[in-house]
Amino acid sequence: MLEGAREQLAEQHAKRTELARLLQALGSAGRLQILELVAQGERSVDSLAAMTGLSVANTSKHLQALRQAGLVTARKDGLRVHYSLAGD
């Protein structure tokens, strides 16, 4: 019985951690803007940076957070990385 309770607590903790990551990813105006652009179609980091007015480095960090939250996926094409909405 105690083992079952521990498993349940661990499962709940994992769900809360996942939810916190998702909410954190959505808690930035820059990330929301990037997410909106990616929802319109696959885009490279460079094009997203140009469209948002953010630096490539900043855009890349925002995309990393969105990817960790499971909201976008990445596809490498040579030296460029293209992002699209997860599940598309």
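Predicted model: local features only at pLDDT ≥ 70, side-chain atom pairs only at ≥ 80, totals over all residues.
1. **The buried side of α2.** Helix α2 covers residues 29-39. Its buried residues are G30, R31, I34, L35, L37 and V38. They take up an arc of only 165° around the axis, so they sit on the same side of α2. A29 and E36 are exposed, on the other side of the helix. Note that R31 is listed among the buried residues.

2. S28 is in the loop between α1 and α2. Is S28 buried or exposed? Its relative accessibility is 14%, and the cut-off for buried is under 20%, so S28 counts as buried. S28 also caps the N-terminal end of α2. A side-chain oxygen of S28 lies 3.3 Å from the backbone nitrogen of G30. G30 is itself one of the buried residues of α2.

3. After α2 comes G41, with phi near 155°. After α3 comes G53, with phi near 80°.

4. **α2 against α3.** The two axes come within 10 Å and cross at roughly 120°. Angles of 65 to 115 degrees would count as roughly perpendicular, so α2 is oblique to α3. The crossing is right-handed. From α2, the residues that meet α3 are Q33, I34, L37 and V38. Their partners in α3 are L48, M51 and T52.

5. **The buried face of α3.** Which residues of α3 are buried? They are V45, L48, A49 and T52. Down the axis of α3 they fall within an arc of 100°, so they line one face of the helix. The elements covering them include α2, β1, α4 and β3.

6. **α3 against α4.** The axes are 9 Å apart, and the packing angle is about 110°. That makes α3 roughly perpendicular to α4. On the α3 side, V45, D46, L48, A49 and T52 take part. On the α4 side, V56, T59, S60 and L63 meet them. L48 and T52 also belong to the α3 set that meets α2.

7. **α2 against α4.** At what angle do α2 and α4 pack? The angle is about 80°, with the axes 10 Å apart. That makes α2 roughly perpendicular to α4. R31, I34 and L35 are the α2 residues in contact. They meet T59, H62, L63, A65 and L66 in α4. I34 also meets α3. T59 and L63 also meet α3.

8. **A65 in α4.** A65 lies in helix α4. Leaving aside neighbours within four places in sequence, A65 is in contact with A25 and R31. A5 is 60 residues from A65 along the chain. The C-alpha atoms of A65 and A5 are separated by 32 Å.

Technical notes: Residues numbered from 1 in each chain as written. Heavy atoms only, no water. Buried < 20%, exposed > 50% of the residue type's maximum accessible area, 1.4 Å probe, protein only. Helix = DSSP H or I, 4+ residues; strand = E, 2+ residues; numbered from the N terminus. Arc of directions from axis to C-beta. Polar contact = N/O pair within 3.5 Å; in protein donor to acceptor, adjacent residues only side chain to side chain. Axes fitted to C-alpha atoms, helices over the stretch in contact; angles between N-to-C directions. Parallel < 35°, antiparallel > 145°, perpendicular 65-115°, else oblique. Left-handed = near helix turned anticlockwise from the far one by under 90°. Contact = heavy atoms within 4.5 Å.
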